[in-house]
Amino acid sequence: MTQYPFDLAGQVALVTGSGRGLGFEAARLLAVNGAHVWLNGRSADLLDRATTQIVADGGLASPLPFDITDQAALDVAFKRVKGEAGRLDILVNNVGLRDRRSLFEFDLVAVRRLLEADLVAPFELARRAAELMVEGGRGGRIVNVSSVAGPLAGAGDTPYTMAKAGVDGLTRALAAELGCHRITVNGVAPGFFRTDTNAQQAANPKIGEWLQSRTSLGRWGEPSELAPAILFLASPAASYITGQTLAVDGGFLSHF
């Protein structure tokens, strides 16, 4: 009997920034396909509501509130996952901080804060997750959420572009380092998605008109449209794929 290629039954996943938006949709899809998903964010109330919704949809989920840039909080969180679940099979590095300002408006405190959240924290989360995966001896999956701002750049977004380009490099480097342990590391690069964070821009008809001409599909993406790509890369279906970043952008990067 052929195994369902996206079956995650018995696996344990951690999705950062999963209280709402793209992270929530990814966590929900992993859960309904069989994984026990730990939901991360800084708001315990938001995570409780998200957990309740996933459980109502038939998934298995637990809230895990902590700040990914806080090393002491990371210690507590990973000890809890190991103690209660006994394993970790999937990590989705989804948290992303954005700060749109011109180059000369930034001070180094703000730059370092963004890099800490968008690049250093994913590095450390991946390293800690990989330790549990190696210890378990079953391999694992790490999926980093990058951005089309990694390979492309625009004015007023320098630290974020720098960080996301770093996430793409981190994905390749971790794939090279962890392949011997049967851990695959891949990324997804979202384009323009209609999330709560982007609500103001999504309501702007001029941006909608620009997307019609700038993307092959001519529209905003919906949060639920990124989640299947993450499920694919986290599943047995992607067992021979590593070190890749998949653009989920409606054709933004490929459209001339």
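How many cavities of 30 Å³ or more does the structure hold?

**View 1. The largest cavity and the residues that line it.** The structure, a predicted model, holds one cavity of 30 Å³ or more, and the volume of the largest cavity comes to about 30 Å³. Lining this cavity are Asn 93, Val 95, Asp 118, Pro 122, Asn 144, Val 145, Lys 164 and Val 167. Two or more residues of the lining come from each of helix H4, strand S5 (140-145) and helix H5. Sorted by class, the lining of the largest cavity is made up of four nonpolar, two polar and two charged residues.

**View 2. The largest pocket and its lining.** The space in the largest pocket amounts to about 1,600 Å³, and 50 residues form the lining. Of these lining residues, Gly 96, Leu 97, Arg 98, Tyr 160 and Thr 197 lie nearest the centre of the pocket. At least two residues of the lining are supplied by each of helix H1 (21-32), strand S2 (36-41), helix H4 (108-136) and helix H5 (158-178). When the lining of the largest pocket is divided by class, 20 residues are nonpolar, 20 are polar and ten are charged.

**View 3. The packing of helix H4 against helix H5.** The axes of H4 and H5 cross at roughly 15° and come within 9 Å, an angle that makes the two helices roughly parallel, because angles under 35 degrees are counted in that way. The crossing of this pair is right-handed. On the side of H4, the contact is made by Val 111, Leu 114, Leu 115, Asp 118, Leu 119, Pro 122, Phe 123, Ala 126 and Ala 130, while H5 contributes Pro 159, Tyr 160, Met 162, Ala 163, Gly 166, Val 167, Leu 170, Leu 174 and Leu 178. By class, the contact of H4 with H5 has 16 nonpolar residues, one polar residue and one charged residue.

**View 4. The packing of helix H3 against helix H4.** Helix H3, which covers residues 71-85, packs with H4 at an angle of about 25°, and the axes of the two helices are 11 Å apart. H3 and H4 are therefore roughly parallel to each other, and H3 passes H4 in a right-handed crossing. In this contact, Gln 71, Leu 74, Asp 75, Phe 78 and Lys 82 of H3 meet Glu 124, Leu 125, Arg 128, Ala 129, Leu 132 and Glu 135 of H4. Five of the residues in the contact are nonpolar, one is polar and five are charged.

**View 5. The packing of helix H1 against helix H8.** H1 and helix H8, the latter formed by residues 227-234, have axes 8 Å apart and pack at an angle of about 50°, and the two helices are therefore oblique to each other. The crossing in which H1 passes H8 is right-handed. Glu 25, Ala 26, Leu 29 and Leu 30 in H1 meet Ala 227, Pro 228, Ile 230, Leu 231 and Ala 234 in H8. The contact of H1 with H8 has eight nonpolar residues, no polar residues and one charged residue.

Notes: Residues numbered from 1 in each chain as written. Predicted model: local features only at pLDDT ≥ 70, side-chain atom pairs only at ≥ 80, totals over all residues. Heavy atoms only, no water. 1 Å grid on protein atoms, 1.4 Å probe; cavity = no way out; pocket = protein on both sides within 12 Å on 5 of 7 lines; lining within 4 Å. Points joined across faces, edges and corners; volume = space filled by probe spheres on them. Helix = DSSP H or I, 4+ residues; strand = E, 2+ residues; numbered from the N terminus. Nonpolar A, V, L, I, M, F, W, Y, C, P; charged D, E, K, R; others polar. Axes fitted to C-alpha atoms, helices over the stretch in contact; angles between N-to-C directions. Parallel < 35°, antiparallel > 145°, perpendicular 65-115°, else oblique. Left-handed = near helix turned anticlockwise from the far one by under 90°. Contact = heavy atoms within 4.5 Å.
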